Amino acid sequence: MVVTPGAWLSRVVAKWGVEDSRLRVIRNGVPLATFNTEPAARSGDLDILFIGRLTNWKGAETLLLAMAGQSGMKLTLIGDGPELPFVHNLIVQMGLEGQVTLGGKMEQSKLHDRMSHAHVLVLPSNYEGLSHTLLEAGAAGLARIASSIGGNQDAITHEQDGLLVPYGDVMALRAALVRLRDDEELRLRLARAARAAARKDDFTGTVDAYVKLLEERAAG
């Protein structure tokens, strides 16, 4: 058996020649009890998070370009990686020092707390299998924006529990950010729907699915 965390990856594996009868999708699990806050109306700037390793395929530079010239929103980049010097220099060159914060590495408990106080999670990468970050952001009640590639389409249903934009499209990403900044009703609707959708990804369900699979295989 070959287990994948999402339908998109399952289709990829099928193209390698793995028979459908040997494929099983078991989604990544999220400890839902960790995220016990409901989305709340905001006051002040739209608080945006990027969480991920700073590599040249995660799209942090696209997000910075989308932020350029936009008021009423602030961004925290959480993570480290080889592109950190480049990202730092881009922030300075674009004059975004007062609007963008480099959060660096963060312990999981602190990260979850930070997510509970934010409004939007953006993942503009060019590859994802099934992003745990997107699932946790949904459980935390954040509105989510992600590139419309790979497993992001398994994690987000466009316009229902998040927004999908073409990878690398600065103007489309900017337009999505502006929508969530200017339309509080939309942001809250997407955030609440994301939190509701996260219920199917409770980690206990993931464990149960693996136990069931192992029992099936053991029984022959």
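## Two neighbouring helices

Helix 2 (residues 60-67) and helix 3 (residues 84-93) have axes that come within 10 Å and cross at roughly 10°. Axes are lines fitted to C-alpha atoms, for helices over the stretch in contact, and angles run from 0 to 180 degrees between N-to-C directions. Helices (H or I, at least four residues) and strands (E, at least two) are DSSP runs, numbered from the N terminus. Helix 2 and helix 3 are therefore roughly parallel to each other, a term for angles under 35 degrees. The contact (heavy atoms within 4.5 Å) involves Ala 60, Glu 61 and Leu 64 of helix 2, and Phe 86, Val 87, Leu 90 and Ile 91 of helix 3. By class, this contact has six nonpolar, no polar and one charged residues. Ala, Val, Leu, Ile, Met, Phe, Trp, Tyr, Cys and Pro count as nonpolar, Asp, Glu, Lys and Arg as charged, and the others, Gly among them, as polar.

## Basis of the model

This is a predicted model, in which local features need pLDDT of at least 70, side-chain atom pairs count only at pLDDT 80 or more, and totals for chains, interfaces and linings use all residues. Residues are numbered from 1 along each chain as its sequence is written, and side-chain values use heavy atoms, with hydrogens and water left out.

Six strands form an open sheet in the order 5-4-3-6-7-8, with parallel pairing; two strands pair if DSSP finds at least two bridges between them. At the edges are strand 5 (100-104) and strand 8 (163-165), each of which pairs on one side only. From one strand to the next, the twist averages 20°.

Strand 7 (residues 143-147) pairs with strand 8 in the parallel sense over three bridges. Ser 147 has Val 165 in strand 8 as its bridge partner.

## Helices on the sheet

Helix 3 also packs on the sheet, where it touches strand 4 (73-78) and strand 5, and its direction makes about 160° with that of strand 5. Helix 5 (residues 132-139) lies across strand 3 (46-51), strand 6 (120-123) and strand 7, running at about 160° to strand 7.

## Pocket and cavity

On a 1 Å grid over the protein atoms alone, a cavity is a set of points where a 1.4 Å probe fits but cannot get out, and a pocket is an open set with protein on both sides within 12 Å along at least five of seven lines; lining residues have an atom within 4 Å of a point. The largest pocket has a volume of about 180 Å³, a volume being the space filled by probe spheres set on the points, which are joined across faces, edges and corners. Of its 15 lining residues, Ala 40, Ser 116, His 117, Ala 118 and His 119 are the closest to its centre.

The largest cavity has a volume of about 60 Å³. Helix 5 and helix 8 (184-197) each supply at least two residues of its lining.

Key
Parallel < 35°, antiparallel > 145°, perpendicular 65-115°, else oblique.
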